[in-house]
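Please keep the sequence and the model open while reading.

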Amino acid sequence: MKLELRHLEAVCRIAEAGSLSRAAKRLGVSQPALSAQLRRIERVAGGELFLRGRHGVEPTPLGEFVLRKARLVLGEMDALAAGARAIAPHPSLRLGCILLVLVDRLLGELERVLADQDIHVTVEHSATTLTRQLGAGRYDAVLYGEVNDYEVPLPQGITARTLIPKEPFCVRLSATHPLAGRERIALAELAGEPWMMLVEDDDGGPEALVAACAKAGFTPLLRHRVTDRKMHYDLIAAGRAISLSQPTAPTTEGTVLRPLVGDPVTGRIRIAWNRAAVSARQAELLYRAAAHAYLTNVDNNSFHRAWWDARPELHPTLDDPEP
């Protein structure tokens with residue numbers, strides 16, 4: 001076997017994540033598959049690249065050497081791809097997004113502010129997949145979320161800007177749930193409830209929920225993972241699950257949204273773009289389009305409108321005229 005770029009990327013992701021399980025999630029593969037791949041890479045390299053311990057993995061001296069070389073090679077490949085795009089730029093703006101609430105209104109806003117450009121929007125389930133594809137040249141820009149202190153790793157040559165620095169996640173539950181009549185719900189009151197998560201939660205969400213629940217005195221039951229939005233809502237309406245939700249999400253038949261006491265889980269929304277593919281003007285217009293799409297949804301829930309109005313420092317910067 002010869003080492004390929006995907007092998008070098010795997011080694012770098014393992015080092016960045018600090019564990020095989022987290023690296024596997026970011027790479028979109030299973031942990032056994034990544035472990036087997038690492039063993040093959042180590043056979044080619046001539047020895048162990050990582051020491052496994054109770055708290056994760058750490059690179060060996062050989063691993064440090066391979067990592068230095070891998071980062072150099074991957075950096076050169078990124079520079080090659082960026083240079084090629086600069087010479088022959090893609091005629092359309094290719095935007096990748098995770099399934100944020102604002103995406104429903106974003107395309108209309110983009111067509112308004114970038115009326116002279118073709119726009120292709122693709123929704124992915126994984127924030128890490130988005131940023132990897134951005135680095136590989138599939139997307140020119142991406143829109144994604146992060147939860148609590150988690151930061152999605154970005155490739156070289158990428159610029160990122162925070163759109164919404166903080167929003168408090170709320171809980172979506174059945175309209176017939178015993179707590180549905182409350183104005184606010186303490187997280188501890190949800191002990192024993194089955195939680196629904198996304199299939200690819202690599203934005204820090206599951207870890208943030210587990211940590212918040214542990215602080216509240218219980219371990220959450222992360223039972224369901226679905227990608228279909230209607231099925232997601234139907235299961236909640238039937239009383240079979242609850243889920244975290246952005247506070248800008250609309251209510252749906254049979255469900256209610258309620259804020260959590262103390263805002264134990266918060267998110268932020270960011271935009272990242274390849275400087276070789278997206279001009280400063282385009283980046284600013286993309287930021288404005290996403291901001292307007294977000295602001296349109298603030299009134300979906302009165303509790304979030306009150307929270308939002310009390311924190312003007314979190315609002316997107318839209319004072320200057322459009323460029």
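The model is predicted: local features need pLDDT of at least 70, side-chain atom pairs count only at pLDDT 80 or more, and totals for chains, interfaces and linings use all residues. Residues are numbered from 1 along each chain as its sequence is written, and side-chain values use heavy atoms, with hydrogens and water left out. Helices (H or I, at least four residues) and strands (E, at least two) are DSSP runs numbered from the N terminus. Two strands count as paired if DSSP finds at least two bridges between them. Axes are lines fitted to C-alpha atoms, for helices over the stretch in contact, and angles run from 0 to 180 degrees between N-to-C directions.

- Five strands make up an open sheet with mixed pairing, in the order 4-3-5-12-6.
- Strand 4 and strand 6 (158-168) are the edge strands; each has a single partner strand, so one side of each has no neighbour in the sheet.
- Direction ignored, neighbouring strands of this sheet are turned by 20 degrees against each other on average.
- Strand 3 (residues 93-97) and strand 4 (residues 119-123) run parallel and are joined by five bridges.
- The bridge partner of Leu93 in strand 4 is Ile119, and that of Arg94 is His120.
- From strand 3 the chain passes through helix 5 to strand 4 in a right-handed β-α-β crossover (right-handed if, with the strands pointing away from the viewer, the path from the first strand over the helix to the second runs clockwise).

**Helices on the five-stranded sheet**

- Helix 6 (residues 127-136) lies across strand 3, strand 5 (141-147), strand 6 and strand 12 (266-274), and runs at about 150 degrees to strand 5.
- Helix 9 packs on the sheet and touches strand 3, strand 5, strand 6 and strand 12; its direction makes about 15 degrees with that of strand 6.

- A sheet of three strands is open, has the order 10-7-11 and is paired in the antiparallel sense.
- Its edges are strand 10 (243-245) and strand 11 (255-259), each with a single partner strand, so one side of each is left without a neighbour in the sheet.
- Three bridges pair strand 7 (residues 170-174) with strand 10 in the antiparallel sense, and Arg172 stands opposite Ser243 of strand 10.
- Helix 8 (residues 229-237) lies across strand 7, strand 10 and strand 11, at about 65 degrees to strand 7.

**Hairpin**

- Strand 1 (residues 50-53) pairs with strand 2 (residues 56-59) over four bridges in the antiparallel sense.
- The two strands are joined by a hairpin through two residues, and Arg52 stands opposite Val57 in strand 2.

**Helix 5 with helix 9**

- Helix 5 (residues 103-113) packs with helix 9 (residues 280-296) at an angle of about 140 degrees, and their axes are 9 Å apart.
- The two helices are therefore oblique to each other (angles under 35 degrees count as roughly parallel, over 145 as roughly antiparallel, 65 to 115 as roughly perpendicular and the rest as oblique).
- Their crossing is right-handed (a crossing is left-handed if the near helix is turned anticlockwise from the far one by less than a right angle, and right-handed if clockwise).

**Helix 1 with helix 3**

- Helix 1 (residues 5-17) packs with helix 3 (residues 31-45) at about 110 degrees, with axes 11 Å apart.
- Helix 1 is thus roughly perpendicular to helix 3, and the crossing is left-handed.

Terms used: Contact = heavy atoms within 4.5 Å.
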